[in-house]
Amino acid sequence: MRFSQAFIFTLRENPQDAEVVSHKLMARAGMIDKLAAGIYTYLPLGWRTVDKLCRIVREEMDRAGAVELAMPCIQPAELWQESGRWYAYGKELLRLKDRHERDFCFGPTHEEVITDVVRRRVNSYRQLPLNLYQIQTKFRDEIRPRFGLMRGREFLMKDAYSFHSSAESLDEAYRAMEEAYCRIFARCGLSFTAVEADTGNIGGSESHEFMVLAETGEDAVVACTCGYGANREKATSGPPPAAPPWPGALPPRPELAHTPGLTSVAEVAAFLGLHPAHFIKTMVVETEREFAVALVRGDDELNEVKLKNALGAIHLQLASAEKVQRVTNAAVGFAGPVGLGGVRIVADPGVMSLSVAATGANRDDYHLVGVVPGRDFTPHLVADLRLVQAQDPCPRCGKPLELKRGIEVGHIFKLGTKYSEPMGCTYLDDKGQQQPMIMGCYGLGIGRTVAAAVEQNHDEAGICWPLPLAPFAVEVLNVNPDLPGVAAAAERVYQELRSAGVEVLYDDRDERGGVKFKDADLIGFPVRVVVGKKGVERGQVEISLRRDGTRREVSLAEACGVVQELVAQGGA
């Protein structure tokens, strides 16, 4: 491909709405173009990278025993009503009507459609297991689309679904897909980790996320040297350090302490001469069906995902100041569990392990000191609610946990019978009895993986593509296109590389060398061959590597062979 004939337009400035590195660099490198909030066109360079990733994904899916198909983007509401998700999914589901006023949605995922496909064709255990996948456009109406391809509304995704007659068969497919994902990300040249994760809106009994590690990652990952890893939303830990001894004598019963205008744990602890760990932090939340109160120790943070799961809720948010007043009869910052009625109370085990504590008094400008959990209040439920912190003990080996940043690029689930039961997707077992199929679900974000590769591989000048994802492996850069001798030498290298099967872009533009070098660094081709006047006079060209900047001069005759070797080595 010649640059002068390619549809490549680079930018010198970052788009105004670009917040993260991948959005900035992919837009500037002429890989994506914004059409609307969270909706992007893949320009030719970007599509070449996407196509390369799709080829890797297809090869590994086929190797894992999955079979490709293609399902419609637009899905009838009836299927989602069968599964119960038409109303439960929320506003992220883009609903629409056709000319006959029938309800449809633009699919954010395809559990319902694939279950319908299988239930109308498979009826015997002899036809199981099976695994079907597609690479297709999805749409989720994010409330705040941002970060370019990282959190768009329309996105390209590989989604696979497996169907089984036993839990053992599902486990076998789940592990095969887990291994396939590891091979995909390894082949892409990415540093990644697989971690335990919450199942979220998809549901199911077990799930793992695949995280590309990057300092700019939006997700926190908890990891231990023993191999334990989990998304922070899902992570657990061993018991945190106990609260320090209570200062002074213990009051026989809770006592009111006047704390005017002091609402934070830190402020009240300093005022009363206590440690934050002596406090019970009380938070009022609202779900789709009730108000509830969550209790964690004062030096801990609430994990809202764990609380949502403990309550069995679909949606959960912190209550507004007005609603906190209604539930507790006090302003925000003065809530506490003592004497609080008419609402479910969920306490973290760390709260119940306190021998004595301080908490809000459900009265403006007052706290209670000397509260004993189990004596002065009894929660309706005790469940792990705390957000794991760095240096907490690992739940498996007890070593200190590390916090890392990651970008979720894949997520696999054991769905069980969550969709097959309500949708009547059944089979006849070997005894002639009808049973619901057991399902698995395996998603991989194509655009997100490409964006994550940029987040992990860049410098101040631009992208440093891993060779398997680079739009072109090699760029031939003609510094002096106006000189016939230089043009002839560049053309020779370009044609020899093409004949050798190397993916090469020839920058033959009538532009200054500085412009070409800047574009080459910005786009990030792994290997660069520079052909210029001085080198050609010596019968040489310069070959350099984008990642580390190493350069060497080789003869014109050797150039093609040297480049082939570098490409075979991965452009390292």
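Buried means under 20% relative accessible area, exposed over 50%, and partly exposed in between. Keep that in mind as we walk through this predicted model.

**First stop: D508.** Select D508, in the loop that runs between strand 28 (504-507) and helix 13 (513-523). Leaving aside residues up to four places away in sequence, D508 touches R2, F3, S4, P481 and K516. Zoom in on S4, whose side chain makes a polar contact with the side chain of D508 at 2.7 Å.

**Second stop: the aromatic rings.** A pair of rings is described by the distance of the centres and the angle of the planes. The model holds 11 aromatic pairs. Show W80 and Y89 to begin: with ring centres 5.6 Å apart and planes at 80°, this pair is edge-to-face, because the angle is over 60 degrees. W80 is buried at 0% relative accessibility, and Y89 is buried too, at 6%.

Next, pick F185 and F192. Their ring centres are 5.7 Å apart and the planes meet at 55°, so the pair is tilted. Are these two buried or partly exposed? F185 is buried, at 0% relative accessibility, whereas F192 is partly exposed, because its relative accessible area is 23%.

**Last stop: charges over rings.** Select R363 and Y366; R363 lies over the face of Y366, 4.1 Å from the ring centre. Then move to K414, whose charged end sits over the ring of Y174 at 5.2 Å from its centre.

How values were computed
Residues numbered from 1 in each chain as written. Predicted model: local features only at pLDDT ≥ 70, side-chain atom pairs only at ≥ 80, totals over all residues. Heavy atoms only, no water. Helix = DSSP H or I, 4+ residues; strand = E, 2+ residues; numbered from the N terminus. Contact = heavy atoms within 4.5 Å. Polar contact = N/O pair within 3.5 Å; in protein donor to acceptor, adjacent residues only side chain to side chain. Phe/Tyr/Trp six-rings, centres within 6.5 Å; stacked < 30°, edge-to-face > 60°. Buried < 20%, exposed > 50% of the residue type's maximum accessible area, 1.4 Å probe, protein only. Lys NZ or Arg CZ within 6 Å of the ring centre and 35° of its normal.
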